[in-house]
Amino acid sequence: YPGNDDKLNIFYKLCLDQFLYSPILLCLFWFHSTFLSTFDINKSISAISKNVFSSLLSNWMYWPFVQVINIGYVPDQYKVLVINFASIPWNIYVSYSVSNSKPKSKSNDSKGSKSPSKKKKKKKAKKEM
């Protein structure tokens, strides 16, 4: 593999990247992003089953083109730089995906007013004093 970038080797490297590394890394990404916000393993595993396939499809629409150019045409000293620049829009996308996958919190009022049950409790406490 190393140093020999003919079309067959580019294909092998691309297949390893897309069918071995990407699914594993996306599963790890969805697990840790969910686990660190919920500290619930079951929710993290559920997030993997709900989101990895769609992320993988998006991955296959973006990264193969980047990797063919990077593996086949970019000089070795610039390959990491190309991947770092290509990672910027990808990281924006997956961050957006994570933020959209989390349930929205329900609030009664955008100004921060308290719920009616809390108001009733406060009134009861004042009456008892």
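Helix axes here are lines fitted to C-alpha atoms over the stretch in contact, and angles run from 0 to 180 degrees between N-to-C directions. Helices are DSSP runs (H or I, at least four residues), numbered from the N terminus.

Hello everyone, a word on the source. This is a predicted model, with pLDDT of at least 70 needed for local features and 80 or more for side-chain atom pairs, while totals for chains, interfaces and linings use all residues. Residues are numbered from 1 along each chain as its sequence is written, and side-chain values use heavy atoms, leaving out hydrogens and water.

Let's start with a pair of helices. H1 and H3 pack with their axes 11 Å apart, at an angle of about 45°.

Who makes the contact, meaning heavy atoms within 4.5 Å? H1 brings Leu26, Phe29, Trp30 and Ser33, and H3 brings Trp90, Val94, Ser97, Val98 and Ser101.

Now, tryptophan 30. Leaving aside neighbours within four places in sequence, tryptophan 30 is in contact with Ala47, Ile48, Asn51, Val52, Ser55, Ser97, Val98 and Ser101.

Finally, please look at phenylalanine 39, in the loop between H1 and H2. Phenylalanine 39 is not a glycine, yet has a positive phi of about 55°. Most residues other than glycine have a negative phi. Is phenylalanine 39 buried or exposed? Phenylalanine 39 is exposed, with a relative accessible area of 61% (buried is under 20%, exposed over 50%, partly exposed in between, with a 1.4 Å probe and protein chains only).

Key:
Contact means heavy atoms within 4.5 Å. Helices (H or I, at least four residues) and strands (E, at least two) are DSSP runs, numbered from the N terminus.
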